[in-house]
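Here are some notes for a first look at this structure. They take the chains and their contacts in turn.

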Amino acid sequence: MSKKSNSAATQLEVAWNTLISIATEQAAAMVNSSFSAVLGEMEDLSAGVFDASGTMMAQSVQGAPGHLGSLSLGVKHFCTAFPIKTLKPGDVLITNDPWLVSGHKHDITVVTPVFLGKTLVGFTASNCHTVDIGGRIFSAAGTDVYEEGLQIPLLKLFDAGKRNNQLFTIIQENVRSPDLVIGDLMAQVSANETAARRLTEFMRENGLKNLRRLSLAITGRTERFMRQAISAVPDGEYSDRIVLDGFDLPLHIEVKLTVKGDRIIVDYEGTSPQVARGINSVLNFTRAFTYYALKCLLAPDSPNNDGSFSPIEVRAPEGSIVHARYPAAVGGRHLVGLYIPFAIFGAMKEILPERVVADSSVLSAVTLNGLDNAGKPYVFTFFSSGGMGARAGKHGMSATAFPSNVANVPIEIMEQSIPVLILKREIIADSYGHGQYRGGSGQRIALTLRTQTAASVSCMVERTTSAPRGFLGGGSGHAARLLIDDASIDPKKSHVLKKDQVLVLETPGGGGYGPEKGDPHG
Amino acid sequence: MVDGWILGVDIGGTFTDVVMVNSKSREMKRFKCLTTPDEPARGALEGVDGVLAEASAKPGGISVLMHATTLVSNALIERKGASTALISTKGFRDVLSIGREKKFDIYDLQIERPMPLVPDRLSFEVSERLAPDGSVVDALDEQSVIEVANAIRKGGAEAVAVCLLHSYMNGAHEARVRQLLQEHLGGMPVSLSSEVLPELREYERASTTAANAYVQPLIAVYLQQFVDGLKQRGVNASLFVMLSEGGMAAPDVVRRLAVRICESGPAAGAVTAASVASQRKLPRVLSFDMGGTTAKTALIHDGAPEITMDFEVARTYRFKKGSGLPLRVPVVDLIEIGAGGGSIVRIDELGLVKVGPDSVGADPGPACYGHGGEHATVTDADLVLGYLDVNSFLGGRMHLDSDAARKAIERAVAKPLGISVNEAALRIHSIVNENMASASRVQAVERGHDPAGYSMVGFGGAGPVHAFGVARCLRLRTLIIPPSAGLGSAVGLLLAPRTFRLSRTFIGSLDRLDWRRVEALFAEMAKEATVALRSAGVANSEITLHRTADMRYRGQRKELTVDLPSSGLKVDSAGALRKSFEKLYAKIYHRTHDDHPIEALAWRLIAKGPPISKQTRARSRTVRTQKAKPQSSRPMLFAGWSRPRNCEVYTRYVLKNGYTVAGPAVIEEIESTTVIGPGGKAIIDGVGNIVVTLSGTDQA
């Protein structure tokens, strides 16, 4: 920044705040013009502002952790596939390739090149969970990625302002709710455009011809801060192994963090090989949750941008559940990916005991699919969280989404939407892990149908065998359970729910922290 | 119209402001005294005595008293309300502790969700169940209510909230629960969700109903003390209280729906801005109210503040969206930013200058107050820049210490960054302005508006000092500082219309709605609103009713509020409603979805009566202009200048209609100082507003 200039607008502080507010405006515009509950109610989305080289300078304040890191990685693939000279004002780019961005086809990424006059100066990008992408219903039961719906390669959705009608038609013909899918997609397009306009306006006002120096200043400061934070951690190797339910057999994630001066290498060597069901995580998604976990531990208050990531190197064996090889099934990749923060916290718990969170629940999803009393088909996914783990000095929070950040659906909205009767939604007392600080409690949801006909229930429920672990002497939380009429059912498959049968989902309790008072082993 | 004095009393966090206007002569008197948090009625009565003495008027001469108070929001923030029990449908007693499951900060592992107002031991269930259409699935088990009543008595609760599933469609079970509770618990206050907020979404409805029950006993006691105190003094005025939506209601309504006065004071501020907007016929106004600890902005369209039902109170992280208790009541759509005169300035972990969100409060206050404050604050920077004067702050009642201000800024910013104190002060001033500008820009955009076309109305103690800079960041062309800007909220009380808003949920596709039911709901709401307004002294003939509906494309999250005809909705109306909805939709989102069904969710009625104190017909047109003469000058520093230059200082009280002032300059009055930056041109209009025109390209 020019030293002699007093002008507020060229101050780094102000410029930085402006970029964050542009990304936040972008996310707000997207939510406001969205069509689906997954965007509007659950806000499963992210937005960011990038420089011309694809470096993320700022992201929206709200967003899904798995999306945010992935978006930053994903935009670089767009830059490679579309060199600057091939891009024109009015272009809008798209993909949902799981390997390029956030790990499953339900996430659609839209990237809009930003031009100042004729010069490309940056990108605005967004990533949203779409309602449907064809193939199987939202499920972990796929055996390869082809079953999981339509794949949109890196393409131009708009070419110099002209709508790619063929691509729109292909998408429309391949999804179950084309109105919602296209509506949400257009929300992304217009939100990116709003942000792009604000970005060029900001540059003109401040006489900026490009974003290079500003980007270096922002990422440089953030990186220095991250490096300082890493330096404060004693050098050494820290490792953990965490067991997950898997699809039919238990799997595990091995992690080893090597802290060396101001760098961290996170290595997943020894993790289970990829499986033939849709729970595999692609490397991008693994990296996103690795960065997320380390940022939570080391620099929760600093703004997030590419500078936070550069001191962190992620290594993962190709062909494992944390670096799945094409064409593995990946639809329920969060059932692996959401464990990554706990593997990292587990590895760091001895060295950073005051910062970690004990194991927490992993987001459960249940999709109901049937005919209402008028014979009309319905499909509805509801998400539910259990207890968050305990922390040093604080109990864990009950029924709280972590490490995802997806909201629940109100009972009254669900009953207005589909013919079910919810019998209870209650905290499960004593489901938490005991300890000096106890974990958060899980919750129990019971429902029955209000139709004469049966419905199908597609489940993505984790931690039914691998209960959330306590840390540093704390006890484990209770495992999740899924039952029809009091009999356990497979938590990853589809089932038939008949009239008058009761479906019960019990989400897990969070792990405890520290030995419980009066515990002879403590 | 009323005779005699009309009084506005605004109890704020630190000060109680009283403004009194004579309905005949338009003479205005002001009084300010300290708020008395232990017994707020005492401070309010002291204010009434004070202003009467100021005017040498008799208590009997007051005909109307209008009132705003922070009592409700303070009780919720400080958790000083009644011990409250909640009764839910069997299976759902944990509705408050489960909430919406989402975190308000994704990186902070140490966050806490706000504690529910109702403790676990006072959360109860009764056996009953309604279907989504309001029909009865399981009848109310009265024995279960009686058992709960006994448990409530044993638990020592002082108030009860009842929130049963789908009661927004059918309030019969809740009403019967209240009857049974009153039979068994005597006069214990009971809040029903079907009365407080008859709308979909059980968590938000239960949270709102619990908050109402929680503050109800407190407000009842306070109002009684205030009314008794007024009577003792011989004040026989009618009393009205400002609702959070900017309307006025009689004490009876407030006793029943106490939670609806939560944002009473800030709403009065927005009403001030709205009245300036009407006076000057400005279609789009940004209301900018900056005080000692926070700044509040609101959008005013066609002379009325925008209203929202999405509101939170008692945030655990004060300025973080999602960290508070949701209150779904009509509230002026305000955003609050942690930026005030007392906001603390420091260098953060990244080596950047950060202003707020925490502040020093009234004691010890900014360093320049000389009360031992060590922190550098926004006010200290404003003093160093020459915008404030050591001798004329608060009309000279408070001397400011300029050395203390410079030292604090030197320590907090200049030295660590290796820059001069002047440079540091400029930075602080522009960062806080940019923070406020960014927040209001997001506010406008989130609501589908472009901030660029707005005019700003600035008020509050620090508002006129910063309004010019914020307006410039937002590239606004016009800024208006109304008279007595430093007492903005109390003035607003005198100008507020008497309004009352109601809503009912009834969901259906436009092409298949039972329109007779819709009309019946509106008739029911009209009856309730008319009763409320008549108790506020509005004659039947003065009441206007405005009807709207929340509509959306089916499956969409966000509803749009569509205006409805004033009567006679029937099957044939669907086509016209569809058109109105699509017109609005296209305006905001640039496209429509032609074959998609449209559904209505909530039906809303706004009943409106005239303000008690009609403004004098706005003579806002200016007469022949002439350049004003400055009273003095002093060195000031503005962005882009390498050193301070001598700038002119004016006293507001001598500026008359048509006088002009060119920036850089300041205009001083007792409660505040208006800064006009370089390139700004001010003119005084016919009602005493300072109207500033900002030119295009200068820097903030």
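1. The model is predicted. Chain A is divided into domain 1 (8-221) and domain 2 (357-522). The centres of domain 1 of chain A and domain 2 of chain A, taken over C-alpha atoms, are 32 Å apart.

2. These two domains of chain A touch, with 10 residues from domain 1 of chain A and 17 residues from domain 2 of chain A in the contact. On the side of domain 1 of chain A, seven of the residues are nonpolar, one is polar and two are charged.

3. Chain B is divided into domain 1 (5-76 + 220-261), domain 2 (80-219), domain 3 (343-430), domain 4 (498-609) and domain 5 (626-694). Between the centres of domain 1 of chain B and domain 4 of chain B, taken over C-alpha atoms, there are 34 Å.

4. Domain 1 of chain B gives nine residues to its contact with domain 4 of chain B, which gives eight residues. Strand E11 (238-242), strand E12 (248-249) and helix H8 (251-256) of chain B each supply two or more residues to the domain 1 side. That side has five nonpolar, two polar and two charged residues.

5. Chains A and B also touch: 61 residues of chain A and 55 residues of chain B take part. Elements of chain A that give two or more residues include helix H5 (178-205), helix H6 (212-231), helix H7 (283-298) and strand E14 (420-427). The largest share of the chain A side, 11 residues, comes from H1(A). By class, the chain A side has 24 nonpolar, 22 polar and 15 charged residues.

Note on methods
Residues are numbered from 1 along each chain as its sequence is written. Chains are lettered from A and ligands numbered from 1 in the order in which they are written. This is a predicted model: local features need pLDDT of at least 70, side-chain atom pairs count only at pLDDT 80 or more; totals for chains, interfaces and linings use all residues. Two residues are in contact if their C-beta atoms, placed from the backbone, lie within 7 Å. Helices (H or I, at least four residues) and strands (E, at least two) are DSSP runs, numbered from the N terminus. Ala, Val, Leu, Ile, Met, Phe, Trp, Tyr, Cys and Pro count as nonpolar, Asp, Glu, Lys and Arg as charged, and the others, Gly among them, as polar. Domain bounds come from an automatic or database domain assignment.
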